[in-house]
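Student: Could we go through this model together? I would like to begin with the sheet.

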Amino acid sequence: MNLGKLARYLRLLGFDCLYCNSYTDDTVAKIADEQWRIVLTRDCNLLQRRIITYGYFVRASLPKIQIKEVLNRFDLYPMLKPLTRCSHCNGQLIETEKQNVEHRLEPLTKQHFHRFLICSECDQIYWHGSHCTRVQRLIEDFSRRGL
Ligand SMILES: [Zn+2]
């Protein structure tokens, strides 16, 4: 079961979250052990490995429910730092001047947004300041306690 979307949502909320479809169970276990990471999975066999100290079996199958499940399970609400991490690659987001990214923006984005962030790893551009964007709505949804 693919948890790629959950990983993106967690990053959107600022959590350091590694995800790769091609990681083998051995790789996941090794990384978790070396970097003190919590393993989120839908694979019971993976969680049975002794090397994995912190693991959690995600019960929900819908990503938007999965994120709530994880936030509730680990009581992560006080730790939300939306838009500090790239949802594509987990890189850190840094503020950038509009003039630095202007040439890469769609006309409407250029017109309506003034605060921009750029991923230090993959160069993806993010913007905020409006409540009507899809990303902002997701963040608000996820930040509300409870399911
Ligand atoms: Zn990135």
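Student: In which sense do strand 4 and strand 5 pair, and over how many bridges?

Tutor: Strand 4 and strand 5 pair in the antiparallel sense over 4 bridges. Two strands pair if DSSP finds at least two bridges between them, and strands are DSSP runs of E with at least two residues, numbered from the N terminus. Please note that this is a predicted model, in which local features need pLDDT of at least 70, side-chain atom pairs count only at pLDDT 80 or more, and totals for chains, interfaces and linings use all residues. Residues are numbered from 1 along each chain as its sequence is written.

Student: What lies between strand 4 and strand 5?

Tutor: The two strands form a hairpin with 5 residues between them. Asp 123 in the turn has a positive phi of about 75°.

Student: Which residue stands opposite Leu 117 in strand 5?

Tutor: Tyr 126 of strand 5 stands opposite Leu 117. Glu 95 also stands opposite Leu 117, which belongs to strand 4.

Student: And what is the strand order in the open sheet?

Tutor: The order is 3-4-5, with antiparallel pairing. Strand 3 (93-96) and strand 5 (125-128) each have a single partner strand, so one side of each is left without a neighbour in the sheet. Neighbouring strands of this sheet are turned by 35° against each other on average, direction ignored; the axes are lines fitted to C-alpha atoms.

Student: Changing topic: at roughly what angle do helix 1 and helix 4 cross?

Tutor: The axes of helix 1 (residues 4-12) and helix 4 (residues 63-73) cross at roughly 55° and come within 9 Å. Helices are DSSP runs of H or I with at least four residues. For helices, the axes are fitted over the stretch in contact, and angles run from 0 to 180 degrees between N-to-C directions.

Student: Which residues make that contact?

Tutor: Helix 1 contributes Lys 5, Leu 6, Tyr 9 and Leu 10, and helix 4 contributes Pro 63, Gln 66 and Ile 67. Two residues are in contact if their C-beta atoms, placed from the backbone, lie within 7 Å.

Student: How many helices and strands does the chain have?

Tutor: The chain has 7 helices and 5 strands. From the N terminus on, the elements run α-α-β-α-β-α-β-α-α-β-β-α.

Student: What does the C-alpha trace span?

Tutor: Along its principal axes, the C-alpha trace of the chain spans about 55 × 30 × 25 Å.
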